[in-house]
Each structure stands twice: as C-alpha cells, then as structure tokens.
Amino acid sequence: MVLHYNPVEDEIKRIKFAIYSPEMIKSIGAARITVPDTYDDDGYPLDEGLMDQHLGVIDPGLRCKTCGAMSRDCPGHFGHINLFRPVVHPLFAKYLHKILSATCNKCYGLVLTKEGKRPKKCPHCKAELEDMKFIRPVSFYLGQKELLPTEIKEWLTFVKNADLKRMGYDSEDARPEWMILTVLLVPPVKIRPSITLESGDKSEDDLTHKLVEIIRVNQKLEANINAGAPQLIIEDLWKLLQYHTITYFDNETAGIPPARHRSGRPLKTIAQRLKGKEGRFRYNLSGKRVNFSARTIISPDPYISLNEVGVPLPIAEELTLPIPVTEWNIDFLKELIKKKDYPMARYVIRKDGVRIKVNDASRDRILESLGVNWIVERQLMEKDIVLFNRQPSLHRVSMMCHLAKILPGKTFRINPLVCPAYNADFDGDEMNLHALQTEESQAEAFELMRVDKQILSPRHGHAIIKMQQDNVSGVYFLTRDDAVLTKEDASHLLIMAGITKLPKPDVDKKYYSGKAVFSMILPEDFSVTYKSKLGEEVVIKDGKLLKGSIESKGITGEIVEKIFLKHGPEYTRWFLDSATRMGLNFLLSVGLSVSMKQYTLDDKSKEEIDKIINNLNRQIDNLIGQYDTKTLERFPGMSMKETVEVTVMGLTSKARDSSGDIVMKSLGKENPSILMALIGARGSMLNVIQMASMVGQQAVRNKRPKRGYSGRLLPFYKPGVLSGRERGFVHSSFMTGLEVDEFFQHAIGGRESIVNKSIRTARSGYMQRRLIHAMQDLSVSEDLTVRDTMDRVIQFVYGGDAKDPMFSTNTEFIESIEEDDVDTASK
Amino acid sequence: MTTGNHAHAHTRKKYSINPGEPVGLVAAQSLGEPGTQMTMRAFHYAGVAEHVPTGLPRMIELVDIRKSPKKPIIDITLKDNLKKDRKKAEELARKIDMIAVSDVADIKEDLERHRILLRFNENAGKNFGVTMNDMLKAINKKRMRTKGNIVLIKFKSSESKKPFKMMRKTVEKIRNTIIRGVPDITMAVVVDDKGEFFVRAKGDNIEGLLEMEEVNTDHIYTNNIKEIEEIYGIEAARNAFIRELKQVLDMQGLYVDVRHIMLLADAMCADGKITNVGRRGLAGKKDSVLAKAAFEETVRHLTEAAVRGEIDPLRGVTENIIAGKTVPLGTGKVMLEFKFQHKGK
C-alpha cells in the first residue's frame, strides 16, 4: 500500500486545551460576519452573512474564497462576530465565580483564606470585601450590586498571572478575561451545512439559526446604543444577547428555557452535539462507520472448519482487497483483470494514485500498462483473512479472525462450535464481516485473533470454542459401548476427518467399535482418566479410548482443553472439526428425536406423583394450620407469615425435585431428553420434569405470587386462602396441559423473568462500560509489571505470578507437559 | 495431520503473560461479560436480613464502593477462650443489639400543651429485656414525670423562640436515643460454625464493636469495604474486595480467574484510597481529557481542561482512537524502526 502520509512525523503527539483570546479569534477568523442571514433570493451565499464563502463552501461548483479549493477539499474556515457588548461565556461562569471571589475588587490581589473562603477584609489593601454571589447561569453579585460583564472583564484583566497559577489556572493560554466574550467565533459552514429539502426549500442547521439570532440582537443593540436609547432598553437587549449566547453553547442549561425551533423542538446546540451516546465523542470519534464490511444472517455449517466463515457469493463480489502488484503476482492479477465474472478485479490504482474502474472500456489499456507498484482491488476470495463479529461485543472472542470460504446462498455460514464465543444462535442472528485491507492487519488478525487460537477463554482458561447440543450427542453416541460400525460406515466417518487408514477391526474381527474410530483422531501420546458426568470412568491411554463414553464435560474439559495445551491450536482445530463431523454423521445414522410418547408416564408413576402432590398439599395445609393457630415456630429474624412463605417455597421445590426421581425411573436414562440433559447436550432435568410430571411453583421476586385481587391472586379463588394452587403452584405438566388459572400463574412468573432480563442487560451493560473505561489503559510492561498510561505501577507482577489467565486452569496438566519437555530436552 | 513435537514449546512460551498484553481490558471484559448471565436474586442470610443483594446488584454495589452497602453484615468472632461458649455468644449478641427508645415506646407530641408523651410498651420491653428505668436512664431529661407506663416531658414556652421546632427536634432525639447496645448494630444472632460460635449482625459500626471486651479484634468481618478501609487500611480493603467479588461470582456459578478480580482491586486501590470505577472514580480521574470527555460529562471535562490548560498526552486507548492513531497496547506498544544499512559498509 502506498502511504499517503508520513507515519512518523505527521502524527498528533499531544493535544493542549486552552481558551481563545479575542485577538486570536479575530486572527483565525477568515471573515467578519455581520449579516444575520444566509442566502440571497437567488440562493447565493450573502457576503458577510453566515454562509459567507470565506468560511468554506458546501455547494458543489463554488470555490472557497479563503483557500480556493472546491467543497471537497476545503476543510472550512472560522469567522467571527464582534459583539457590541461583552457577554459571559456560560460554560466558564463557574470558574469566573471562583476567580472573582478569590480576588479583591480593589487591588485584585489573591485574598483567599487558608480555608479557601473569601475574607471580610483584603489582606493586601485592607479594603472591606463584600460577598461574591453567583446566580446561575451567568449573574454575579458583589454584595447587592450586580456586576456587568464589562466590569467583570476589567476586574479580571488586573488579576496577576502568578495568582492565577496558584489557583491552578493556565495563565498563559487561558486568561480569565477571555472567558468574557467580546468576539464570538463562528464555526465553518461545513460544521453546520444547510439541507435542501425535496421541495427546494433550504433548511438551516440549528447552529446557524442560533447565530442568526445572535447577530440580529447584536445589530439591534448597536443601533440602540448609537441612537442613544434609554439604558433600560439597552440592558434588555444586552440580557437577550446573553441569553442567546448561553443557548448557543448549551441549550440544556439549568434555569434557562431552551431555545426552540419553529416546530417546538429544542435546538441542538454545541454542547448537545458533543455529549451523550449519540454525541460527537461517542458516536463519531470513539466509533466509526467502516467500509469493506458486510452484514447478513448467519446459519450453521458443520462441514466448514471452525476458523472458516462461509461468505455468500454476492458479498464476496462486493468486498475488495487492495493487492500491490509485484513481479511475482502480476500474472495472477492480470488474469483477474481479464475476467468478467467472479473472481475478478474491480479497480486498479496507478502509481500516481489514480483509481481506474476495470470495465470493458478500460480493461485492455489497464492490462497493457499494469506494472509493479500498482494496486489491484480484487474481489474477496477463498482463504482471505477477514474479521467476524457479533454484537454485543462483550468480550474479545466476540470478534475473531476467520478465513473466507465462498459459498452459494445469502447467509454467512459458521461452524456451530464458535457459537458459544459469539453467543450466537440461528434464530435470525445477524453478524458482521470486515475484509482486512492491509498486510499488517491481516497478519496481526491471523496470528492473534484466529478462532483456533481463541479456543481457551481468557476469562477462565476453559474452552469457549466448544461442542454443544447435537455435536455432544453425536460424540457421545459414537463413543458408547453399543456403537459398532461396519467397514463402510467406519470408512465413511474416518474420511470425514481426512483419515484414509482404518483401525484394526476390534469387534468380532469384522466390525469396528465407535471408540476405535474416535480414537483415530486422538493424538497418539494422549492419555487421561476421569470420571464422566454419567458417573462412569473414562480411560484414554496413548490415544486410544479404552473405557467410557464421552459427554460434554469430557469433550471440552478433559480432551479439547488438554489437546490444546499440549498440541497447540492447529491440531485442536483439526480435532474439533473431525470430531464434529464424525459425531454428527454418526448421529444421523443413530437418529435422535423426541416424541410426545416419551413424556407420558406410566400409571404407577402418575399415581406416585399424585401422591407427592397430595402430600405437598397436606404439608402446606398443615403449615397454614399452625400459622392460623400461631403455633408455628418462627425462623430467626422473620415474621410468622414470612416463615410460612419460605417453608412453602422449600416444600414445593422439594416436591418437584422428588418427582424428578419418579420421572427418571419411569422414562429411563435412554429417554432422549433425559439423555441429552445427562450428557450436557441440551436442556436439564428440570425441563423434563416440567414436561412430564409438574411445572411446579411459580415465583415473583422469589416469593409465591400474591398480588392481584384483595386477599386472592385470581378472582375465582376464595379470599385469604394460602395453600398451593391458589398461590402459584402449578400441578399440571406441559404434557397434560395447564388449567386456566395455572396458565395465568405461569404467565405471571414468565413476565417477571422477561422484565428482569431487560433490566439486567441495561444495568450490566453500563457496569461493563464503566469497568472498561476504568481499566482499558492498563497493560503489562516489559518487566511484567502492570502500568497505566502514565507508567504508574498498578501491580508489580501481573496477577502476582505473571501467569496468563488463559492458561490458569489445568495447571497440573500444564506442569506435566513442562516436565515432559524438560525430559526430552535433557536426553 | 501429525501431532508434531514442536507443540511442546508452544505451551511453555504462552504459559506466562506477554508484555504488552492489554490485561486491564481483558479483566474488564471478563468481569463485565458474565454480568448478563447473573441473576438479580437476593440472598437470605440466616436471620440477619432477608435481602442481602447478590449477583449483579451486589457486583455493582462493590465496584461503586458505596459508603455503606444496602445490607451491611458483620461477623463478630469472640475471643479464643470464649468462642466455643454458646452462652457467651448469646450474651454478646444481646449486648450489642441496639435498642432505641422507639423500639420499646410509642412517642407522641402534644403541641397544644408543649409536651411529649411516651408510652412504654411492656411487651416489647420484655421481648428486648429492657425495663422502663433503663429507658428513663437513657433519655435522661430534666423535666420528666412518670405516671404508670407513661412518661411526660414538658417544655416551657420560654425555653426557646421556636418551641415547636424544638419539640420536633427533641422527639427525633428521644426516638433515636439508644437504651442499650452498639449504635447501628441490629438483629444480632448467634451462628453455629461447627461447634464454634460467632455473632452475625446487621449494621456498620465496627469501631463500636471493637470496644467490646469479648470481641476478637483480629477476627471480625464485614461486607462493608469502605469501613474496612477506614479501620484496617487499604490492604485489608483490597483483600476484602477481592474476597467479596469472588464470592458474588462463585455464588452465581460463574468462574472468573482471580487475576482479573485482583487487577480490578489493585487498580481501585492504586492511589492509596479505594476508588470506585464510575465517573467520579477511576474513569473520571484519567490522565486524558479526551478519554474523560468520551466517557461521561463531556462538556465539564472539556471546559475544565481549557481553563487549566491541560495537555492530553495521548497515551491511552480512547484518546488514540479519537486522534486516529495506533492504540499503545499489545502489538501497538512495540515501536519498530527500520535501520537501513548498506551491505557494503
């Protein structure tokens, strides 16, 4: 790439903040603005008006009268307005008050006492000092007398630089008298462009409106002063000028009615433009819109690798990459220029920086003159390095580097293994893709952000690129003892992983066990022994799965994480890709589905569940009986009623849990839903229980719901009844269907969780924003200390041990690898 | 695909943290990201208070370093020779539990006749083990007359220019007069911890508790970080913060590496006083004007900077993004320069 600027010299090094003096405003101002209007009747900018062509031009075809450039290249220039009477700069009024009350109104010396108060007597000239009162936004009173801006300005000019320095002000670049405006800086037209509506009418920017009013009042003030108008009228106009300047800077000043547009909408003036989420800082400076990006819906594709992303052809055709022409790639690029369909070159950039579109008219000429140091902008191709992102980007794995894989269709395809990192699902989620434009960015993304390098989360060191749902089921079924494959089936699965060698047929010397097939993708030196979620012992020795079947905890915690630590990202990626494909393909042959039948309990179990419910109701009634007779023993710190509620909550959840055992016994461990819950593929026992036996207690704020009608939750209940059903206990299961009242109670509980969820996202989002702003500048230095922007030490050794949190779990395993390492090194 | 032996080196190299690593950002993300998964549920601390915030609200409370948490809890250990004695623990619980006049008496003001009426509630008194005399001793006012369980406090109209205002004040004072116990400490209960007993109470007055002779001053715990800082110092506060935050996350079953929590704690404690993370804390005290302006209170930070003539050194993340420069973290922190050398020389 051609660099258009010198990165070493043309760089902002530091930024100083200061206040413009009136002289500086006049000297940087390209024009004095006196006319309170914008365009003449022909739509041409008025001289000395707010759209004066010295301030830059926005209309195409016109030339800036200051720099001579056209609208595109002219950065815009400031102008100024001479105010006929000075006014207080409203944003600095607070500081004016501090300076005024800290200085003597006779000798202008610093008078503050040790406590920072204004004394009664000036310590220098012994004059009596009166109180300095500040009435927001801009009025100052010395004793009873209001100080006019002219008087304040005069006062401030006498305050010594040394005194200002002692008060902490920059006396050189922020003299306090400059906080009184005598000249107003007029921003360039580019900052406040007028919009031409469809009807041909011109609509002015809010800032322009405000400036028009300021000039108008200023003119009136001038006329009245020159005409010798009464003091009262002049003061009124002066106050009006002050009002307009206040709203010009901040239209949300407390105690001032906001200036409004004709339509009644408050004007957006300078402060409003800067602040807040949609303000200049957060919306335009900290975050920017980018080119070379694409967004569409995502859908899953387990047949692409986890660090690939399927890019739909229409998107690949639109995105381009700049490729510098070298003697080694010139032939390849020429081929792309010749082509008229994907993949082709879209533009070329000549050595002199001129862009030429590649089309039938230009093609031959380009091919003729194409040479080294040109740049060809070609379409996105297979294996190109791109960034992929899903919002909200809560952690760094929300944006990872993928390799493009051009596929037909209109959606981005991702391997379902990356879903946990992005927190993505396929119910209509959309994601963004960015085509990296420079070699540096591509290299950096590829080395640091690539998916397979992010398999372990920096939050806890556990895998975050991991199997879920059917992937887990697939691997589980494959590694079960009853998984036996024919030669054809085994070959079919193994070729998914690119393995062309078959293991020894270990079942009846003819068939292949699933374990043996799975073992083919394990590293040869890999051994672990652990207890699985199902309670069985899993033994992997020297890359052979000998005993046990693999469930979710095993595949991520015991296998993937350890393979990653020992064999690195590339092998782990290959392992995960292969395991996914093999598992899913095997699952296709096994079949995994659910049906209504599977949630119907046998009669005996139904009876037992009825018994549990009856028992529960009896216990609740018993409790209420004790409550009525006041014989119930209170829990410490709780009233009797609270005790009842807490006990009932405990009883109901216990009842539901104990019905779980019955469900488990009745449906059996092989029931798909239960199996999926047990191996950690999807769902939990709770889901099965709610479907098969009972939905259970509904809660509002962790208590039984009670509001609604007086003394009862729903109108057809008896008032004052505290027992189960009347207070949100749902006996029915989702299979049997809910009664009307139960349905309503379920909705009560459901509503609360929805409300909570939205509150939680808002609150946690803000907390995270604060945390990030507080800590984002901290980084590890060369000496492994953690330091902030000014090199202050925050931690002397990161984390106390300088260990990367990404490798903070499985430490025993890491250490065992290290020992191996030492062993091999010594040999 | 072969497993390759070079992979061994890979682990060892990456085992420790790399210089330039943006650990602050990673810590902030690691702590913030699970926020969306946390519940808002309140936790029930046996006997002391029903709704001790846990989960997200507690985490926000912690990073805000509020003066006093919503539900301050103190665990008081007894001196070693007493801690196995349940009686002693109960005695202590009784002794520190604050009982104010309003707990045992109804207070009424008789504006017409310039007097305050107190009716001692025998039942409540018995419950708390307070007699009327205890109450009278605590109030200790001059013009006090008793009649049965009623106490009369008379005001002379000449006593003050504003008798009503005076009365209101006095009523408030009497209502909050402590008859017994340590100020602010309420709901003290004894908790059995495997044969050793400690007292758990609500409130934040460790200073008051330390004066009790039974209390083991080396072994007392509160969830009020600010108070720990004031009494035991910044190191203790840092440790308490780490412990509390870790507990919050553990309770939710969210595993976050302690290093992230430690870094947050260290950042908050770096200048000797514990600082919160908000606009008045770490985020508002940064060295960069632009970073502060981009966070919150944009206009205030900009005007302040102008008046003070501040210089933004452009060394953090936000300000460099705004200035369009490389962020000095990670690979951006490394400065490289080509040194062109002719082979011949």
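This is a predicted model: local features need pLDDT of at least 70, side-chain atom pairs count only at pLDDT 80 or more; totals for chains, interfaces and linings use all residues.
Residues are numbered from 1 along each chain as its sequence is written, and chains are lettered from A and ligands numbered from 1 in the order in which they are written.

Back to A:Glu48. Its phi is positive, about 60 degrees, although the residue is not a glycine. A:Glu48 sits in the loop between helix 1 (22-28) and strand 2 (79-88) of chain A; helices (H or I, at least four residues) and strands (E, at least two) are DSSP runs, numbered from the N terminus. A:Asp791 also has a positive phi, near 60 degrees, and it lies in the loop between strand 27 (786-787) and strand 28 of chain A. A:Asp791 counts as exposed, because it has 9 C-beta neighbours inside 10 Å.

Next, the cis peptide bonds. One joins A:Arg136 and A:Pro137, with omega about 0 degrees; A:Pro137 is in the loop between strand 3 (132-135) and strand 4 (139-142) of chain A. Another joins A:Gln391 and A:Pro392, again with omega about 0 degrees.

Now the contact between the chains. Chain A contributes 87 residues and chain B 86, where contact requires C-beta atoms, placed from the backbone, within 7 Å. On the side of chain A that touches chain B, helix 22 of chain A gives the most, with 13 residues.

What are the residues with the most contacts inside the largest nonpolar core? They are A:Leu96, A:Leu771, A:Met775, B:Val23, B:Leu264 and B:Ala267, in a core of 117 residues. A nonpolar core here is a set of buried Ala, Val, Leu, Ile, Met, Phe, Trp, Tyr and Cys residues joined through C-beta atoms within 7 Å. Not counting residues up to four places away in sequence, A:Leu771 touches B:Ala28, B:Leu31, B:Gly32, B:Val63 and B:Val277.

Last, chain B by itself. Chain B has 15 helices and 13 strands, and buried residues make up 41% of its 345 residues.

Definitions and conventions
A residue is buried if 20 or more other C-beta atoms lie within 10 Å of its own, exposed if 12 or fewer, and partly exposed in between; C-beta atoms are placed from the backbone. Two residues are in contact if their C-beta atoms, placed from the backbone, lie within 7 Å.
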